[in-house]
Amino acid sequence: QVQLVESGGGLVQAGGSLRLSCAASGGSFSRYVVGWFRQVPGKEREFVAAVHRSTGSTYYADSVKGRFTISRDSDKNTVYLQMNSLKPEDTAVYYCVSSARVSWLVGDITSAELYDYWGQGTQVTVSS
């Protein structure tokens with residue numbers, strides 16, 4: 001059973017940066033697709049980014065492409081989301097997710113229902 005713990009959220013001004021971390025225990029990220037979703041109260045969960053378990057390939061939502069970078073440290077069993085040029089519309093609770101069921105296809109990567117493991121979430125607030 002994989003457990004995910006996020007950290008690194010907080011309050012930042014527009015244009016600033018934050019780095020989120022997701023530490024895994026009970027399993028290795030090398031066997032999973034790992035990603036980030038975010039959610040604003042009253043709205044559906046939104047895919048943000050994902051990294052492939054073996055190739056390290058990455059995929060991003062159009063809304064964050066060029067500003068966010070997902071990366072993985074296999075030795076530390078940790079995944080990071082570096083967020084630059086933050087905008088007020090990036091404000092949300094960010095969740096780290098992982099799954100062994102997700103194939104590296106856009107339809108799967110962006111489907112929240114296919115991710116078996118979710119962290120508790122970390123709040124990111126971007127002020128204007």
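Of the 128 residues in the protein, buried residues make up 45%, where buried denotes a relative accessible area under 20%, exposed one over 50% and partly exposed the range in between (1.4 Å probe, protein chains only). The coordinates are those of a predicted model, in which local features need pLDDT of at least 70 and side-chain atom pairs count only at pLDDT 80 or more, while totals for chains, interfaces and linings use all residues. Residues are numbered from 1 along each chain as its sequence is written, and side-chain values use heavy atoms, with hydrogens and water left out.

The protein contains one helix and eleven strands, assigned as DSSP runs and numbered from the N terminus (helices: H or I, at least four residues; strands: E, at least two). Read from the N terminus, the order of the elements is β-β-β-β-β-β-β-β-β-α-β-β. The radius of gyration is 13 Å, close to the 14 Å that the globule rule gives for 128 residues, and the protein is therefore as compact as a globular protein of that length; the radius is taken over C-alpha atoms, and the rule is 2.2 Å times the number of residues to the power 0.38. Along the principal axes, the C-alpha atoms fill a box of roughly 40 × 30 × 25 Å. Contact is defined as heavy atoms within 4.5 Å. Among contacts between residues at least 6 apart in sequence, 58% join residues at least 24 apart.

The protein exposes about 6300 Å², of which carbon and sulfur atoms supply 46%; accessible areas come from the Shrake-Rupley method with a 1.4 Å probe, and for residues only the protein chains shown count as cover. The mean positions of the 12 positive and 11 negative charges are 3 Å apart. In this count Lys and Arg are positive and Asp and Glu negative, with His and the chain ends not counted, and each charge is placed at NZ of Lys, CZ of Arg, CG of Asp or CD of Glu.

Aromatic pairing was examined next. Rings of Phe, Tyr and Trp (its six-membered ring) pair if their centres lie within 6.5 Å, with planes under 30 degrees apart counted as stacked, over 60 as edge-to-face and the rest as tilted. By this rule there are six aromatic pairs. In one of them, the ring centres of Y32 and Y117 are 6.0 Å apart and the planes stand at 80 degrees, so the pair is edge-to-face. Y32 lies in the loop between β3 (18-25) and β4 (33-39) and Y117 in strand β10 (residues 117-118); the pair therefore ties together parts that are 85 residues apart in sequence. Both Y32 and Y117 are buried. The rings of F37 and Y115, with centres 5.4 Å apart and planes at 70 degrees, are likewise edge-to-face. This pair also links distant parts of the chain, as F37 belongs to strand β4 and Y115 to the loop between α1 (106-109) and β10, 78 residues apart. F37 is buried at 1% relative accessibility, and Y115 is buried at 4%. Ring pairs join F37, F47, Y59, Y95, Y115 and W118 into a cluster.

Backbone geometry was considered for two loop residues. Most residues other than glycine have a negative phi. N77, however, has a positive phi near 55 degrees; N77 is located in the loop between β7 (68-73) and β8 (78-83) and is buried at 15% relative accessibility. S85, also not a glycine, has a positive phi of about 50 degrees. S85 occupies the loop between β8 and β9 (92-99) and is partly exposed, at 42% relative accessibility.

V5, in strand β1 (residues 3-7), is partly exposed at 48% relative accessibility. V5 and Q120 are 115 residues apart in sequence, yet their C-alpha atoms are 6.7 Å apart. Beyond neighbours within four places in sequence, V5 contacts S21, C22, A23 and Q120. S25, in strand β3, is partly exposed with a relative accessible area of 35%. S25 and L11 are 14 residues apart in sequence and 27 Å apart in space, C-alpha to C-alpha. With residues up to four places away in sequence not counted, S25 touches Q1, V2 and Q3. Q123, in strand β11 (residues 122-127), is partly exposed at 38% relative accessibility.
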